[in-house]
Amino acid sequence: MIKSLRGMNDILSEDYERYTYFIQTATFIAQNYGFHFIETPLLEETALFKRSVGESSDIVGKEMYQFIDKGENDVCLRPEGTAGVVRAFIQKKLDRAGGTHRFFYHGAMFRYERPQKGRLRQFHQFGVESFGQDSVYEDANMIMMVSDILKKLGIGYRLQLNSLGCKECMPTYRDKLVKFVKECEESICEDCVRRLDTNPIRVLDCKNDSCQVLYEGAPKLVSNLCESCDEDFTKLQEILDANDITYEIDTNLVRGLDYYSKTAFEFVSDDIGSQSAIAGGGRYDRLVEFLDGKATPAVGFAMGIERLLELIKLPEAKQEGYYIGAMDDEGIDLVISLAHKKRKTDKVSVEYKTKNFKNHMKMADKVNAKYFCIIGSNEIENSTITIKNLVDKSEKTIHIEEF
Ligand code: HAM
């Protein structure tokens, strides 16, 4: 038997209901915040991810589904959504148009990670990207939007916040950090030694406990921000306070992608095990320029849908639509044409097999129908149909033409 690839799951039945409910809820909220749908290809040039997510990241270094296609192009299944949206933004010359451009997207992402609970090789994200706003209110908007989505779905969270500084203050901080880490270089892990060369601030989120102990006394990002970054970070906290969004400052939060500057945030859940990050994002003011566009400030986030599925509380299913069945074979054709007519406006379940009244009722119950119609010899003879309302138990008989 051929099975699905490791870390690549089917989404069906109840999970699918949660999945679509999540997309509907997140779409509704993103649209309320003024975001528009964008769809970018699953496959892009490998260079796009190398230049945006960064050569030093685990994603580019170890996890890409990269291959040479039949036209000898070096391509890659997207490991995340931001790079493709930035590419599309530049390609459509929206960077030259000026103004604010806000997009949301959802779909499959691919990372060749070691699969475990909450960590898949094909997973789905819902993400948003906003271009053209350098105001910290936009950063706050991102965080409020994730919070609104999670609250609407009944999901509890902890929000972790940090500022990574800008091109003015980041290099000075980086030098200080490198000096600190070099002093204990003998004792740090191999990954951190590599990070010292490629992207030193990534040492801060090393998962190795012995490294973390060594870095306890390291200089902190938030204590080394320039005046403008510091003001923005303080303002962001004030906006969140004023809007009842609780957060923790995590001075080691650096995110696993290289394009961030200034605000970085992660939403975590304590109810889903070790892969606890349910959403992450931040500001990436330099990426558009870095990908050859006109310098444009930008900020965004993405949520991991699979990690949210088990946390989503579905609203109680309400009875809706019609169930139509026949008592005898002669009635089935009529059942099909009535269903065809009614499906223009309503959900209709039909049963192709004849059954007695009681068994039809059981089926209607199973599909949670609100209206119940059975075609028997009387109905065919008189061209009438009786509609039973299964919620308020009322009943009416009408001419078939009126149905
Ligand atoms: P990210 O933190 O790499 O950020 O991914 C966002 C979310 O995707 C994570 O918080 C997690 O819920 C989910 N996720 C990541 N990897 C996996 C996996 N292997 N299996 C299941 N779920 C996973 C980004 O991707 C950025 N593009 C977010 C962003 C948008 N920043 C600015 N704009």
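The predicted model contains 17 aromatic pairs. In one of them, the ring centres of F22 and F126 are 6.0 Å apart and the planes meet at 90°, so the pair is classed as edge-to-face. F22 belongs to helix 1 (residues 13–32) and F126 to strand 6 (residues 122–131), so this pair ties together parts that are 104 residues apart in sequence. Both F22 and F126 are buried.

Y65 and F110 make another such pair: with ring centres 6.3 Å apart and planes at 75°, the arrangement is again edge-to-face, because angles over 60 degrees are assigned to that class. Here too distant parts of the chain are linked, since Y65 lies in strand 3 (residues 65–68) and F110 in strand 5 (residues 101–110), 45 residues apart. F110 has a relative accessible area of 6% and is therefore buried, the limit being under 20%. Elsewhere, F89, F103, F131, Y259, Y260 and Y284 form one aromatic cluster.

Aromatic rings also take part in arrangements with charged side chains. The charged end of R121 sits over the ring of Y112, at 3.8 Å from the ring centre. K342 is placed over the face of F403, and the distance to the ring centre is 4.9 Å.

Nonpolar packing was examined next. The largest nonpolar core has 50 residues, and the members that touch the most others are V86, F131, L164, L177, I188, C192 and Y215. Helix 4 (residues 82–91) supplies the largest share of this core, with six residues. A second, separate core comprises 46 residues, including I23, I29, F233 and L309. In soluble globular proteins, nonpolar side chains tend to be buried together. Apart from neighbours within four places in sequence, I188 is in contact with V181, V193, L196, C211, L214 and Y215.

When residues up to four places away in sequence are set aside, T46 touches M64, Q66, D74, V75 and C76.

At the level of the whole chain, the secondary structure consists of 15 helices and 16 strands. Buried residues account for 50% of the 403 residues. Among contacts between residues at least 6 apart in sequence, 69% join residues at least 24 apart. The chain has a radius of gyration of 27 Å, whereas a compact globule of 403 residues would have a value near 22 Å. Along the principal axes, the C-alpha atoms fill a box of roughly 95 × 55 × 45 Å.

An unreviewed UniProt entry annotates residues 28–312 as "domain: Aminoacyl-transfer RNA synthetases class-II family profile". Within the model, this span is 35% helix and 22% strand, and its end C-alpha atoms lie 16 Å apart.

Note on methods: Residues are numbered from 1 along each chain as its sequence is written. This is a predicted model: local features need pLDDT of at least 70, side-chain atom pairs count only at pLDDT 80 or more; totals for chains, interfaces and linings use all residues. Side-chain values use heavy atoms; hydrogens and water are left out. A nonpolar core is a set of buried Ala, Val, Leu, Ile, Met, Phe, Trp, Tyr and Cys residues joined through side-chain atoms within 4.5 Å. Buried means under 20% relative accessible area, exposed over 50%, partly exposed in between (1.4 Å probe, protein chains only). Helices (H or I, at least four residues) and strands (E, at least two) are DSSP runs, numbered from the N terminus. Contact means heavy atoms within 4.5 Å. UniProt positions are given in the numbering used here, feature names are shortened, and annotations may be inferred rather than shown by experiment. Rings of Phe, Tyr and Trp (its six-membered ring) pair if their centres lie within 6.5 Å; planes under 30 degrees apart count as stacked, over 60 as edge-to-face and the rest as tilted. A charge sits over a ring if NZ of Lys or CZ of Arg is within 6 Å of the ring centre and within 35 degrees of the ring normal. The radius of gyration is taken over C-alpha atoms; the globule rule is 2.2 Å times the number of residues to the power 0.38.
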